[in-house]
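Visitor: I'd like to know how the labels on a model like this get decided. Could you walk me through a few of them?

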Amino acid sequence: NNVYPLYKQAAMRGLTNVDLSSGNIMATLVDTADYAYNAAHDFIDDVPVAARVATVALTNPTVSAAATFDADDALFTNATGDPAEAVIIWKNTGTESTSRLVFYLDTGITGLPVTPGGGNITIAWDVAGIVTL
């Protein structure tokens, strides 16, 4: 599991598209045969379309005073495609080249790995939150 370093840098510099408590925060199931985490990646356009198995907007994203990011469990409906072994959380601006990558999660995630078969897939986040910095 990783926080994308360029997200941390953007947050520390007060740049745009870093607030995780508002806007469209997305979760994308990722096929690691088509994408490997790279610390130099900054926006969703760095993740090949072929690696993106399914995407959903997270509901009720929050950031606590303890620097914990959380949201409701992610429900991917009617998901089909390649097996997914990771989840990327990112902030959607409507433009891929400015939609900032935030977290890459590939361990300790209930529901992964998963092979979509056209049904619903739920990724259940830890009760303590998705990520604490």
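**Labels and the values behind them**

Guide: Let's start with an open sheet: three strands make it up, in the order 4-5-10, with antiparallel pairing. Its edge strands are strand 4 (62-63) and strand 10 (131-132), each pairing on one side only. This is a predicted model, where local features need pLDDT of at least 70 and side-chain atom pairs count only at pLDDT 80 or more, while totals for chains, interfaces and linings use all residues. Residues are numbered from 1 along each chain as its sequence is written, and side-chain values use heavy atoms, leaving out hydrogens and water.

Visitor: What makes strand 4 and strand 5 a pair?

Guide: Two strands pair if DSSP finds at least two bridges between them. Strand 4 and strand 5 (residues 68-70) have two bridges, in the antiparallel sense. Thr62 stands opposite Asp70 in strand 5. Strands here are DSSP runs of E, at least two residues, and helices are runs of H or I, at least four, numbered from the N terminus.

Visitor: How many aromatic pairs does a search of the whole structure find?

Guide: Five. Rings of Phe, Tyr and Trp (its six-membered ring) pair if their centres lie within 6.5 Å; planes under 30 degrees apart are stacked, over 60 edge-to-face, and the rest tilted.

Visitor: Why is the pair of Tyr4 and Tyr37 called tilted?

Guide: The ring centres of Tyr4 and Tyr37 are 5.1 Å apart and the planes sit at 45°, so the pair is tilted. Tyr4 is in the loop between strand 1 (2-3) and helix 1 (5-13), and Tyr37 is in the loop between strand 2 (24-30) and strand 3 (52-57), 33 residues apart.

Visitor: What makes Tyr37 and Tyr104 a tilted pair?

Guide: Their ring centres are 5.5 Å apart and their planes are at 45°, so this pair is tilted. Tyr104 lies in strand 8 (residues 101-105), so the pair ties together parts 67 residues apart in sequence. Tyr104 is buried because its relative accessible area is 5%. Tyr4, Tyr35, Tyr37 and Tyr104 form one aromatic cluster.

Visitor: How do you know that Ser99 is buried?

Guide: Its relative accessible area is 1%, so Ser99 counts as buried. Ser99 lies in the loop between strand 7 (86-92) and strand 8, and its side chain reaches the backbone nitrogen of Thr93 at 2.9 Å.

Key: Buried means under 20% relative accessible area, exposed over 50%, partly exposed in between (1.4 Å probe, protein chains only). A polar contact is a pair of N or O atoms within 3.5 Å; within protein, one must be able to donate a hydrogen and the other to accept it, and residues adjacent in sequence count only if both atoms are side-chain atoms.
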